[in-house]
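Work through the two exercises below with the model open. Each task is followed by its solution in steps.

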Amino acid sequence: MTVQAVVAENPGIASRHVADIVQRQLEEKPNAVFMLPTGSTPLRLYALLVEMVELEKISFSKAVTFNLDEYLGIGKRHRQSYHRFMWDNFFGRVGISSKNVSIPEPNPKDIERFCEAYEERVKRAGLDMAILGIGENGHIGFNEPGTSFSSETHLTKLSKSTIKANSRFFRSEKQVPKEAITAGLKTIMLAKKVILLAFGKKKAKAVKRALEGKPSEEVPASILQMHGNVLFVLDREAASLLKKTRLKPPSIENVKIYSSFNLPKGKRIGFFSPHPDDAAISAGALLSSLAEKNKVFEIVMTTGHRAIDSGKGRRQRIRARERETKASAKVIGTKPIFLKSRFYDNGEEIQESDIRKTRALMRKLKPQIVFVPQRLDPHPTHLLSRKTALASIPHHVELWAYETPWALFGHKRFNACFQFSEKEMRKKLKAIRRHESQVQRTRFDTAAKNIAEFRRIIIAEQMFSQLGKKPLETKPYLELFSISKW
Ligand code: F6R
């Protein structure tokens with residue numbers, strides 16, 4: 001079974017994605033039962049959940065939690081005990097009732113009996129969601145390599161690699177406890193849903209072995225391949241060695257956040273561009289990323305010759321715009337197709353002949369993803385292009401509506417964004433400027449850059465910050481889209 005992975009640009013976005021999942025879980029079931037990790041990985045998640053509780057977006061007042069593990073022989077108040085970690089970073093700040101919290105005892109009188117009782121309590125409560133980190137050696141909880149897939153809560157010896165990795169929290173390696181009590185692999189598999197978080201280059205190998213290696217007790221996390229409802233949530237570095245796994249974008253407040261590495265792959269894509277330069281202006285950055293791993297056709301609906309005012313004849317103007325479009329498409333990596341729709345010359349209604357021509361093109365191209373201008377775009381050419389496209393595209397395509405300088409999306413009228421860098425912006429600007437005749441007339445390059453920057457600033461404030469708290473960091477520019485099934 002292939003496990004899916006959500007891959008975010010950075011740990012902040014990844015953690016927010018998981019915080020949203022936790023929020024939904026609590027909305028669905030306020031007394032949900034969680035298995036929780038410690039370590040450095042979940043710290044951002046806990047901080048976000050604390051913020052959400054402060055803003056009264058969620059409540060843990062009825063939630064029940066079990067911790068994965070605790071060092072053996074450490075004092076509960078020791079700075080590095082997992083009791084202390086959980087109360088300092090989370091429990092003490094979210095108003096959870098201590099009677100709903102279970103963490104393995106660091107000094108049980110009878111270890112075996114304690115483990116049995118802990119396992120029993122987990123089973124009786126029924127785990128709705130287990131949230132996990134992963135060790136560099138592939139451990140989950142403290143189930144070190146070699147632990148049986150059928151293990152329940154048990155006493156375990158920490159491996160050399162874990163002691164070394166965790167020595168960063170202690171004064172020296174010597175002071176790291178050598179044993180721990182941990183929920184077993186079978187215990188974790190009891191959860192209805194499992195979410196594994198991993199950030200940073202150091203985790204890339206373990207993530208790769210867990211997701212794409214053969215399941216083996218040598219890689220404890222690989223057991224998760226046999227669980228039907230697992231999500232790996234990674235940052236870009238932790239995902240950097242994955243080859244076979246489908247990488248999905250994270251989403252926050254129901255907005256998918258795409259970057260160059262979590263886009264669709266291997267698809268046939270048709271971009272309906274009303275005028276020759278709309279593709280570059282509205283989605284130049286996304287298209288040039290998509291074009292690397294998909295076949296992207298830029299379907300130019302109209303000749304656009306009316307927008308050239310050079311005293312030349314119609315034919316020459318059409319040819320000039322085609323030349324510019326080819327040069328621009330070359331920068332982006334798309335293949336232009338010129339439809340020369342008749343509605344552009346014949347007035348204000350869509351034309352049957354245009355629909356016939358567009359349908360024939362669709363039969364040839366067989367696109368799986370289609371882009372059109374957004375619904376509220378008032379520009380007459382954009383409107384007719386959209387209508388003609390929608391009357392012609394096959395059912396079941398994924399429809400991506402885009403915004404143009406003529407009509408920006410209203411608040412929450414979009415559900416996807418593509419975040420991109422200065423370098424990607426330079427390429428987008430280059431593609432726009434290939435439409436020389438247009439940029440001379442109106443600075444669409446400047447407009448497009450300002451819109452993408454404005455989008456990042458405003459979206460960060462309106463959607464990716466928790467009501468006035470610090471917004472998440474994204475790349476400097478965004479292009480926005482509204483995705484639906486047609
Ligand atoms: C801790 C736990 C461990 C950690 C793992 C990664 O409760 O169960 O499996 O998740 O050791 O630790 P960090 O996040 O510090 O890299």
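**Exercise 1: the sheet**

In β5, Ser-102 is the bridge partner of Phe-66. This is a predicted model, where local features need pLDDT of at least 70, side-chain atom pairs count only at pLDDT 80 or more, and totals for chains, interfaces and linings use all residues. Numbering starts from 1 along each chain as its sequence is written, and side-chain values use heavy atoms, without hydrogens and water.

Step 1. Strand β3 (residues 64-67) and β5 run parallel, joined by 2 bridges. Strands are DSSP runs (E, at least two residues), numbered from the N terminus. Two of them pair if DSSP finds at least two bridges between them.

Step 2. The open sheet has 8 strands, ordered β5-β3-β2-β6-β9-β10-β1-β11, with parallel pairing.

**Exercise 2: the ligand**

Task: describe what surrounds the ligand and which polar atoms lie close to its oxygen atoms.

Step 1. The ligand has 15 residues around it, and the closest are Thr-41, Asp-69, His-139, Gly-141 and Lys-203. A residue counts if one of its heavy atoms lies within 4 Å.

Step 2. Check the polar contacts (N or O pairs within 3.5 Å). A polar side-chain atom of Thr-41 is 2.4 Å from a ligand oxygen atom. For a side-chain N or O atom of Asp-69, the distance to a ligand oxygen atom is 2.7 Å. A polar backbone atom of Gly-141 also lies 2.7 Å from an oxygen atom of the ligand.

Technical notes
Polar contact = N/O pair within 3.5 Å; in protein donor to acceptor, adjacent residues only side chain to side chain. Helix = DSSP H or I, 4+ residues; strand = E, 2+ residues; numbered from the N terminus.
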